[in-house]
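Please read them with the coordinates open.

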Amino acid sequence: MSSTGDEAAVGGLCAVHMPRTARTVSDLPRMSRFPAVQPGQPAIERLAPTSELLGFRGPTACAAAGITYRQLDYWARTGLLEPSVRTAYPATSQRLYSFRDVLLLKIVKRLLDAGVSLQNIRVAVAHLQSAEQADLTGLTLMCDGATVYECTTPQQVVDLLKGGQGVFGIAVGAVWQELELTLGRLHAERTDTGETLVGNDPADELAQRRNRAV
């Protein structure tokens with residue numbers, strides 16, 4: 001049975017360091033695009049997975065973040081990470097997560113795997129949620145198992161390593177790029193029209209070509 005994170009040991013409050021200097025932000029290339037129409041129809045526009053016009057349902061968020069639905073549900077119910085696009089209330093609605101939400105789900109999973117306490121993760125998530133989305137790509141999270149540090153320059157990472165504090169690192173920009181590729185292959189939902197969009201999975205396209213050749 002997969003851990004939801006509630007079994008983690010409780011530690012002290014997370015010390016997320018916020019340097020006063022300007023952050024270095026890198027513009028990531030858009031690796032894939034969602035079709036805005038169903039297959040077989042002419043393409044009108046294509047949306048990046050990071051677009052505010054796209055949301056991702058629970059099963060898609062789980063697949064992209066590498067977590068179980070039980071973990072997703074538990075984190076939403078306990079307030080660790082709720083979907084920002086649409087919650088499960090009323091009961092007839094489905095949760096809908098933004099790209100940023102799924103990014104944080106993926107980071108939470110990695111912090112849990114590194115042994116970070118749930119209490120510290122809550123503080124780290126709250127900090128990341130308050131940051132500008134563009135700034136996230138320039139961050140590196142370093143963790144010594146008890147404390148999470150935010151680094152915005154390579155020198156800060158080196159300083160932590162020299163001090164013996166940082167033993168585990170998450171380059172948020174790298175996670176962002178990986179997630180953008182993954183979500184580009186999965187289904188999404190337009191937040192303005194509710195339309196289901198089919199992701200661009202090269203494996204599916206190859207299978208379709210083989211089926212047509214038979």
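Predicted model: local features only at pLDDT ≥ 70, side-chain atom pairs only at ≥ 80, totals over all residues.

1. Cys62 has a relative accessible area of 6% and is buried. Cys151 is buried as well, at 2%. The cut-off for calling a residue buried is under 20% relative accessible area, so both values qualify.

2. Overall content. Eight helices and nine strands make up the secondary structure of the protein chain. Of its 214 residues, 43% are buried. Among contacts with a separation of 6 or more, 67% are between residues 24 or more positions apart.

3. Which strands stand at its edges? The sheet is open, with the order β6-β5-β7 and antiparallel pairing. The edge strands are β6 (148–151) and β7 (168–171); each has a single partner strand, so one side of each lacks a neighbour in the sheet. From one strand to the next, the twist averages 20°.

4. Pairing of β5 with β7. Strand β5 covers residues 140–143 and is joined to β7 by four bridges, the two running antiparallel. Within this pairing, Thr140 is opposite Ala171, and Leu141 is opposite Ile170.

5. Pairing of β5 with β6. Four bridges also join β5 to β6, again with the strands antiparallel. Met142 faces Tyr149 across this pairing, while Cys143 has Val148 as its bridge partner in β6. The two strands form a hairpin, with four residues between them. Gly145, in the turn of that hairpin, has a positive phi of about 95°.

6. Burial of β6. Are the faces of β6 covered or open? Both are covered. Val148 and Glu150 lie on one side, Tyr149 and Cys151 on the other, and all of these are buried. Cys151 is the residue given in point 1 with a relative accessible area of 2%. Glu150 deserves a look during review, being listed among the buried residues of this strand.

7. Helix α7 and its packing. Helix α7 spans residues 172–183 and lies across β5 and β7, at about 50° to β7. Helix α7 also packs with α3 (residues 99–113): their axes come within 10 Å and cross at roughly 120°. The crossing of α3 past α7 is right-handed.

8. Residues between α3 and α7. On the α3 side, the residues that meet α7 are Phe99, Val102, Leu103, Lys106, Ile107 and Arg110. Their counterparts in α7 are Val172, Val175, Trp176, Glu178, Leu179, Glu180 and Leu183.

9. The four-stranded sheet. A second open sheet has the order β4-β3-β8-β9, with antiparallel pairing. Its edges are β4 (96–97) and β9 (196–197), each with a single partner strand, so one side of each has no neighbour in the sheet. Helix α1 (residues 58–65) packs on this sheet and touches β3 and β4, with its direction at about 85° to that of β3. Cys62, buried at 6% relative accessible area, is the other cysteine from point 1.

10. Pairing of β3 with β8. Strand β3 (residues 54–57) and strand β8 (residues 188–190) run antiparallel and are joined by two bridges. Leu54 has Arg190 as its bridge partner in β8.

11. Arg95. Where is Arg95 found? Arg95 sits in the loop between α2 (69–77) and β4. Is Arg95 buried or exposed? Its relative accessible area is 12%, so Arg95 counts as buried under the 20% cut-off. Beyond its neighbours within four places in sequence, Arg95 contacts Phe56, Arg57, Gly58, Tyr69, Asp73, Ala76, Arg77, Pro83, Arg86, Thr87 and Ala88. One of these, Asp73, is 22 residues away along the chain, with 9.6 Å between the two C-alpha atoms.

Note on methods:
Residues numbered from 1 in each chain as written. Heavy atoms only, no water. Pairing = 2+ DSSP bridges. Contact = heavy atoms within 4.5 Å. Axes fitted to C-alpha atoms, helices over the stretch in contact; angles between N-to-C directions. Buried < 20%, exposed > 50% of the residue type's maximum accessible area, 1.4 Å probe, protein only. Left-handed = near helix turned anticlockwise from the far one by under 90°.
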